[in-house]
Amino acid sequence: FTLTDTDNEITGGASGLEVTYHETEINAENGVDAIDTTVSYNNIVQNGQILFARIESPTIATDCATIVVLELIVEPTPQLIAPTALEACDDISADGFATFDLTTKASELLNGQDPLQYIVSYYESEANAEAANNPINNPLAYTNIDDFNQIIWIRVEDNTTVEGCYKITSLELIVNPLPVLVTPAPLELCDVNNPGDEQEGFTLEAANEEILNGQTGISLSYYETQLDADNATNPIVSPYVNTSNAQTIFVRAENDVTGCYNTVTVTLRVDPIPSPESDPTPIEVCDDDNDGFAEFDLTQRTVEITNGEPNVAISYHETQTDAENGDNPIIGLYTNIVANNQMIYVRSENTLTGCYSLTTNTLELIVLPSPEVPTSIESYTICDTDDNGITQFDLTTKDE
C-alpha cells in the first residue's frame, strides 16, 4: 500500500498538517513508531488491516492531534491458468493468416471461476493490456497481424472489487499450414474383369506416394464427393470399383498433429484391352526333308490378328506364361520345336496403355510332309525304229 495516497483525504485538503501512520491506536496517540511512508507498506494482517493516522500541526507546539482510523483492504485478483495456444489452419493461400475466436479461451483461463464475475478483454500489446487501452474490438473473429505466429494479451478484471483488480496473461496464436499436395497421375487399370463393362477394383493407396511427395505425419482418406471429403464423411476403401469411366475421386490429407487438412483429386480410368482376331488362320509350311521341322515367318499373321485395331503390337510366344508376362518374344524366322504340329501363343498389347489380351485360340503351325520319291529312277528305254533319235514315251508308266 502507498499510505500517502490518503493524506489529502484525511486532512480534508487543509495545508500545513502532518500525517503519520501507526499500526496501533496507542502508538498513534503517543506519536511513536510511525510507519515509514517513504516505502510501500505491506499489511501484516491477511486480507484486511486497521491502521491509525495521526494528524497534527508540525509548527504549533501543542499536544493536540487527531486520530483517524484507516482500513486497508486486500481485494482478490483473478486466479488465471495460462491458456494453451490457440491454433487455426491456414487456407489455400498459405499466407500465414487466419481468423480466430479469442473468446474460446476464456473458460480455460478462468479455470471454473464464475465468468459473470470477470470482464475479459484482449489486446495486441502488453502495455495496452496493462492500461486497458485500445482493446481488440472483434475478439470473436480476429485476424492475426503477424503471419503464422503472434502473441496477444488478455486482461481479466474482477468486477466485484472496488479497485477493479485484474491480471493479464498472454495467448499464443498459431496458424498451422495445410498439407502441400501433388495432383497425381490417373490410376489406370485394364478392363480384364468382364471386358467391356469398364469397371475394375482400384487400390486407391497406389496414388499416396505421389500425392504426399515425401511428407510424413499425414493421413489420407478417400471420398466420392468434395463435400464428403471436406466433412470426412462416407469414406471409400480399397479395392474400390469405379462407378463411371473416367471417374474423379477426392482425397483428404489430414495432418496427424494439427488436424489441418487439404484435398486433391485423382482420376480413375479403365482402359480397354485389345480385341485381336480370336482364331488366327494356321500357318502351313512344306517339310523339305520330312523330319517334321521347318521355318515359319509368324509375322505373316500380324495384320490378320491385329484386325485393323490401331496402336496395337503383336508378339508371339512359345508358352502361355511368356505371353501373359510379355517375356521371350519370338524374333525373326521360327523353327518349330514340336514336330509336325505346334501351338504358338499370341499377345496383343496396346502401345499407349500397356493393356493386353491373348488370342482365344493359339496360332497353329503345321509342317506338311513332302512327297518322297526315289533318288534315282531306272532309265526308260525305247528302241528307235526309224533311227531318227525321236520317239514317243508314256511317262505315266513310271508313276508307280
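The model is predicted: local features need pLDDT of at least 70, side-chain atom pairs count only at pLDDT 80 or more, and totals for chains, interfaces and linings use all residues. Residues are numbered from 1 along each chain as its sequence is written, and side-chain values use heavy atoms, with hydrogens and water left out.

**The whole chain**

Keep the entire chain in view. Along its principal axes, the C-alpha trace spans about 200 × 35 × 30 Å. The radius of gyration of the chain is 51 Å, whereas a compact globule of 400 residues would have one near 21 Å; the value is taken over C-alpha atoms, and the globule rule is 2.2 Å times the number of residues to the power 0.38.

Next, switch to a cartoon display. The chain has 8 helices and 22 strands; helices (H or I, at least four residues) and strands (E, at least two) are DSSP runs, numbered from the N terminus.

**The domains**

Colour residues 3-73 as domain 1, 86-176 as domain 2, 187-271 as domain 3 and 283-369 as domain 4. These bounds come from an automatic or database domain assignment. The centres of domain 3 and domain 4, taken over C-alpha atoms, are separated by 40 Å.

**Lys-105**

Select Lys-105, in the loop between β5 (99-100) and α3 (106-110). Is this residue buried or exposed? Lys-105 is buried, because its relative accessible area is 9%; buried means under 20%, exposed over 50%, and partly exposed in between (1.4 Å probe, protein chains only). Across the protein chain, buried residues make up 33% of the 400 residues.

Now show the surroundings of Lys-105. Beyond its neighbours within four places in sequence, Lys-105 is in contact with Pro-83, Thr-84, Ala-85, Leu-86 and Leu-171; contact means heavy atoms within 4.5 Å.

**Thr-233**

Finally, move to Thr-233, which lies in the loop between α6 (226-231) and β13 (240-241). Thr-233 counts as partly exposed because its relative accessibility is 30%. Which residues does Thr-233 contact, leaving aside its neighbours within four places in sequence? They are Tyr-223 and Asp-228. Select Tyr-222 as well: Tyr-222 and Thr-233 are 11 residues apart along the chain, and their C-alpha atoms are separated by 9.6 Å.
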